[in-house]
Amino acid sequence: MTQEQAENSTWGSKFKAMGPGVLMASAAVGGSHIVASTQSGAIYGWQLALIIILANLFKYPFFRFGAQYTLASNKTLLEGYKEKSYFYLLIFFLLNIFATMINTAGVGILTAAILKFALPMDLSIPQLSTIVIASTWGILLLGKYRLLDGISKWVMTALTLSTVTAVIIASFKGSVMMPDFVEPSPWNLAALGFIVALMGWMPAPIEISAVNSMWVVAKRRVNKVSYKDGIFDFNVGYIGTAILAIVFLALGALIQYGSGEAVERAGAKYIGQLINMYAYAIGDWSKLLIAFIAFMCMFGTTITVIDGYSRANAEAFRLLTNKKESSQMQLNLWMTLAAASGIIIIGGFMSDVAAMLNLAMICSFVSAPIFAWLNLSLVTQGEHRVRGGLYWLSIIGLIYLSAFTLLFIAYYFKLIG
């Protein structure tokens with residue numbers, strides 16, 4: 001154990017250390033929770049709760065390895081990847097650029113959809129998306145990491161309180177299920193694509209662990225963070241996000257499942273149904289308030305996506321080109337490219353964004369075993385070696401993710417069924 005790992009930890013130091021874990025949670029809550037978890041509850045009730053729990057459980061060690069590797073070694077995951085193989089770092093870089101463009105467009109559209117619901121105006125969703133993405137880009141250029149750190153804590157608190165309140169009230173109102181409702185089963189190959197997409201972003205793509213390591217480094221530049229406090233921050237963000245996923249599933253299961261209302265599959269269209277769920281539980285008077293909270297949540301997610309993926313792109317490019325350090329100007333350039341590419345995709349391919357989001361979630365799951373193995377490989381030897389229950393959980397998790405991936409690939413290519 002290093003000297004930093006042995007430092008005393010207090011509640012004050014824990015609170016000061018919070019940031020990267022909360023940012024990771026903020027990035028995760030966007031598409032996976034607000035859309036995927038709630039849709040799971042609305043379509044299948046409580047049946048997919050176990051899938052959500054298992055996805056969070058089996059991905060935990062691989063996200064955890066990323067945080068503890070960076071805290072213990074003061075190296076980012078990307079530096080670890082390069083030490084393992086230049087080729088793997090290149091693959092990460094290329095996949096991350098693709099994810100940056102798709103995810104920026106996706107969260108921008110969802111944020112704009114909430115804004116249009118709350119403030120009816122003549123502007124189209126592509127126009128509002130451009131405003132949203134441009135605004136977040138400006139905040140990042142002007143406020144840098146400190147402003148991002150502060151916004152995420154308040155956004156996550158407001159979202160959690162409002163969602164828990166809505167679920168509690170809805171549970172007392174009783175079932176909305178119609179007497180003649182026939183419960184659909186997700187345990188068939190036809191639903192495999194939906195389940196794989198759900199797990200792909202639950203709680204987030206595993207490559208976000210590399211982004212989280214960037215945030216840990218950034219946090220340590222503005223505050224002294226010990227190993228113990230850094231792990232505490234990670235656990236609060238990760239476990240809190242996992243619990244919130246079940247809360248969102250409960251929202252859909254209690255308010256929309258079996259009600260007779262058709263569930264919108266497209267993310268932007270589903271936002272209206274989501275806000276109406278809160279209004280059903282709390283009251284129509286709360287629509288604007290909930291819309292504001294939901295908007296702030298997605299706005300925070302847009303910020304974290306642009307910031308996080310841009311940091312990873314800048315760091316990966318630095319390592320690939322063997323430069324000693326990356327300047328703030330270079331990071332700003334990657335943020336500009338992320339924002340611009342998201343706006344271009346929205347403007348040129350608006351009608352296909354829902355399909356691209358689904359594809360992005362599926363691709364995230366299919367690539368999950370690769371990123372999981374990379375993270376595991378960094379902590380299987382030397383001073384960072386992991387033993388005991390966490391190690392065996394990672395082995396089981398790797399088998400679980402690989403088996404589901406092979407099943408989906410086999411189904412996709414018509415080899416089974």
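**Pocket, helices and rings**

Colleague: Which helix gives the most residues to the lining of the largest pocket?

Modeller: The model is predicted, so local features require pLDDT of at least 70 and side-chain atom pairs pLDDT 80 or more, while totals for chains, interfaces and linings use all residues. Numbering runs from 1 along each chain as its sequence is written, and side-chain values use heavy atoms, without hydrogens or water. Helices are DSSP runs (H or I, at least four residues) numbered from the N terminus. With seven residues, the leading contributor to this lining is H8.

Colleague: What is the volume of the largest pocket?

Modeller: A pocket is an open set of points on a 1 Å grid where a 1.4 Å probe fits, with protein on both sides within 12 Å along at least five of seven lines; lining residues have an atom within 4 Å of a point. The space filled by probe spheres set on the points comes to about 570 Å³.

Colleague: Which residues of its lining are the closest to the centre?

Modeller: Two or more lining residues come from each of H6 (125–173), H8 (208–222), H11 (287–320) and H12 (328–349). By class, the lining has eight nonpolar, six polar and 10 charged residues. Of the 24 lining residues, those closest to the centre are Val217, Arg221, Arg311, Glu315 and Ser326.

Colleague: How are H3 and H4 oriented to each other?

Modeller: The axes of H3 (residues 49–73) and H4 (residues 77–84) come within 9 Å and cross at roughly 90 degrees. Since 65 to 115 degrees counts as roughly perpendicular, H3 and H4 are roughly perpendicular.

Colleague: Which residues make that contact?

Modeller: Contact means heavy atoms within 4.5 Å. By class, this one has two nonpolar, three polar and one charged residues. H3 supplies Gly66, Tyr69 and Thr70, and H4 supplies Leu77, Gly80 and Glu83.

Colleague: At what angle do the axes of H4 and H5 cross?

Modeller: Leu78, Tyr81 and Lys82 in H4 meet Tyr86, Leu89 and Phe92 in H5. The contact has five nonpolar, no polar and one charged residues. The axes come within 5 Å and cross at roughly 135 degrees.

Colleague: What is the geometry of the Phe93 and Trp334 pair?

Modeller: The structure holds 17 aromatic pairs (ring centres within 6.5 Å). Phe93 lies in H5 (residues 86–118) and Trp334 in H12, 241 residues apart. The ring centres are 5.9 Å apart and the planes at 80 degrees; because planes over 60 degrees apart count as edge-to-face, the pair is edge-to-face.

How values were computed
Nonpolar A, V, L, I, M, F, W, Y, C, P; charged D, E, K, R; others polar. Axes fitted to C-alpha atoms, helices over the stretch in contact; angles between N-to-C directions. Parallel < 35°, antiparallel > 145°, perpendicular 65-115°, else oblique. Phe/Tyr/Trp six-rings, centres within 6.5 Å; stacked < 30°, edge-to-face > 60°.
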